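Let's take a walk through this protein together, one region at a time. Please have the sequence and the 3D view at hand.

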Amino acid sequence: MPFQALGLEPRILAAIKDAGYTEPTPIQSAAIPKIIAGVDVIGIAQTGTGKTAAFVLPMLQLLSRRELKGRRMRVLVLAPTRELVVQIEENVRAYARHLPLRVALIFGGVGERPQVEALRDGVELIIACPGRLLDLMERRHGDFSGIEFLVLDEADRMLDMGFLPGIRRIVRALPKKRQTLLFSATLSPEIEALTHEFLHQPTTVQVGRRSNPAETVTQVAYEVPRHLKLALLIALLQQPDFDTVLVFSRTKHGADRIARKLEACKITNATLHSNKSQNHRLRSLKAFKAGEVRVLVATDIAARGIDVTGISHVVNYDFPMTNEDYVHRIGRTGRANAVGDAVSFVCPDEHGDLRSLERFIGRGLPRKKLEGFDYTAAAPPEPPAPPRGPRPERGGQPGRGGNAGGPRGGGRPGGGGGRPGGGGDRAGGNRRSGGGGGRRP
C-alpha cells in the first residue's frame with residue numbers, strides 16, 4: 001500500500017517523498033486511517049518500526065484540514081526523555097516542512113525563557129517532558145484550552161509510577177473533548193489498565209507480539225564473572241565487526257567509569273546520562289550520530305529516543321532492571337528492518353533474571369564465549385590504601401573548629417575564640433558562640 005492510499009494531502013505526501021520514504025510500515029498502515037477517522041488509538045509495535053510517523057502524519061493531516069482560529073496550542077506530545085523530545089521534533093519538522101506549523105520544545109536542563117515565550121505565543125504544537133511542562137503550567141504559562149490532540153509516546157514509561165501523578169495533573173488541565181494517542185513498543189497489562197483514565201473507547205493497533213524485539217536483531221548472552229566485564233567489553237570492541245556500539249550501564253557512575261577505561265584504551269567514546277548537562281548530552285549524541293566517536297556509553301535514558309542509523313551492536317554491560325527495558329535497549333539497533341546485534345553480559349547471580357527475560361520474549365538467548373578470552377582470570381588486586389599522615393596536634397587542624405585547644409583560645413583574626421571582643425572562650429575552649437577557634441598560635 002502506498003502512502004497515497006492513506007488519505008494524506010499532497011503537501012504531506014511531498015514531505016514524505018522528500019524524506020525518502022515510499023511505502024508505510026505495518027504500524028503506519030494500521031494506525032494512520034484510525035487516527036484520521038478521529039478515534040483514540042493505542043499503538044503497539046516493535047522499536048524502529050516507524051511509530052513516530054504513525055501518529056505525526058495523521059495529526060498533520062487533521063490539523064491542515066481544520067481551520068485555525070487565532071494563535072493557540074493545538075497539539076501536546078509528551079515523552080519521557082529530552083532525547084526523545086528532540087527526535088520527535090525532527091520527525092515533525094521533516095513531515096510538516098510544507099505546512100505553516102510552529103513547533104516548540106519544553107524540557108529541563110536549559111533556560112526556560114524561550115519555552116515560556118512559546119507557550120505565551122500560542123505555538124501550535126508542543127513536544128515536552130512532563131516535569132518542566134508541569135512546572136510552567138503551575139505558574140500559569142500558556143493556555144491549554146484549545147488542545148485537540150494529546151500524545152503519550154513511550155506510553156509504558158509515561159504511565160509508570162514515577163510519571164503518573166504528573167501526567168494526571170497535566171491531563172486535568174486539558175479539554176475533555178480531544179483525541180488521545182498512546183504509542184509504545186511494550187505495554188504491560190497493569191499500565192494498559194491505566195490508559196482508560198486518559199482515552200475514550202480506544203482502538204488498539206498492535207503489530208507483532210508486544211514483548212518482541214525486532215526480528216532483525218541477533219541476540220546473544222555472554223556469561224562472565226562480574227570483575228571481568230570491563231575486560232570482556234574491551235576485548236569485544238577489538239573485534240572488527242563491533243563498529244558503532246551503544247553500551248548500557250545501569251548507573252551514571254558506572255557509565256563514567258566505563259568511559260574512562262575505554263578512553264585509556266584509546267577507544268573513542270562519549271557518555272549520555274542525566275547527570276550531564278543538556279548541551280553535553282546533545283553533543284554526545286551528535287558526535288555518535290556523525291561517527292566522531294565509536295562508542296556511546298549510556299544509562300537507560302538512551303533506551304528510548306535514540307534513533308541512530310547503523311548502530312551495529314547494543315551491549316547490555318549491566319543486565320537491564322526490567323524485561324521491558326531490555327526490549328527498548330536492543331531496539332536501538334536493527335531499526336527500519338536493518339540488521340543488528342544485541343550482546344548481554346550475564347553474571348553468575350543473574351541467571352534467574354536471564355531465564356525470566358527468555359520467558360518474556362518467548363525465545364532463548366544463545367550463550368556465547370569470546371575465543372581466547374580468559375574467563376577464569378582472578379580479580380585485579382585492590383589498590384593499596386593511601387599512607388596515613390601524622391596525627392594532628394590536639395589543638396585541631398588549621399582552619400577547623402578547635403577541639404581541645406592549646407594554651408590560648410586560638411582563633412584567627414575575626415574568628416572569635418579568644419580574640420578581644422570575640423565572644424570569649426576560656427583557654428582551650430570551643431564554645432559555638434565564640435566563632436571558629438582552634439588554630440594553633
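Helices here (H or I, at least four residues) and strands (E, at least two) are DSSP runs, numbered from the N terminus.

Before going further, a word on what you are looking at. This is a predicted model, in which local features need pLDDT of at least 70 and side-chain atom pairs count only at pLDDT 80 or more, while totals for chains, interfaces and linings use all residues. Residues are numbered from 1 along each chain as its sequence is written, and side-chain values use heavy atoms, with hydrogens and water left out.

How far can you trust it? The average pLDDT (the predictor's confidence in each residue, from 0 to 100) is 82, and 81% of the residues score at least 70. Residues 391-441 are another matter: pLDDT stays under 50 there, and the model has 71 contacts beyond four places in sequence for this stretch. Contact means heavy atoms within 4.5 Å. Where pLDDT is low, the predicted coordinates should not be read in detail.

Now for the overall picture. The protein has 14 helices and 13 strands. Of its 441 residues, 52% are buried; buried means under 20% relative accessible area, exposed over 50%, and partly exposed in between, using a 1.4 Å probe and protein chains only. Take the contacts between residues at least 6 apart in sequence: 73% of them join residues at least 24 apart.

The arc is that of the directions from the helix axis to the C-beta atoms. An α-helix has 3.6 residues a turn, so residues three or four places apart point the same way. Just after α1 comes Gly-20, with a positive phi of about 90°.

Helix α2 (residues 26-36) has Ile-27, Gln-28, Ala-31, Ile-32, Ile-35 and Ile-36 buried. Down the axis of α2, the buried residues fall within an arc of 125°, so they too line one face of their helix. Among the elements covering them are β1 (41-44), α3, β6 and β7 (203-206).

From first C-alpha to last, α3 reaches 22 Å, close to the 21 Å expected at 1.5 Å a residue; the expected span is 1.5 Å times one less than the number of residues.

The aromatic rings come next. A search of the whole structure finds four aromatic pairs. Rings of Phe, Tyr and Trp (its six-membered ring) pair if their centres lie within 6.5 Å; planes under 30 degrees apart count as stacked, over 60 as edge-to-face and the rest as tilted. In one of the pairs, the ring centres of Phe-55 and Phe-183 are 5.4 Å apart and the planes are at 50°, so the pair is tilted. Phe-55 belongs to helix α3 (residues 51-65) and Phe-183 to strand β6 (residues 179-184), so the pair ties together parts 128 residues apart in sequence. Both Phe-55 and Phe-183 are buried.

The rings of Tyr-222 and Phe-345 have centres 6.5 Å apart and planes at 80°, so this pair is edge-to-face. Tyr-222 in strand β8 (residues 217-223) and Phe-345 in strand β13 (residues 340-346) are 123 residues apart, and their pair links distant parts of the chain. Tyr-222 is buried at 4% relative accessibility, and Phe-345 at 0%. Together with Tyr-317, Tyr-222 and Phe-345 form one aromatic cluster.

One last stop is His-313, in strand β12 (residues 313-316). His-313 is buried, with a relative accessible area of 3%. Beyond its neighbours within four places in sequence, its contacts include Asp-241, Asp-243, Thr-333 and Asp-341.
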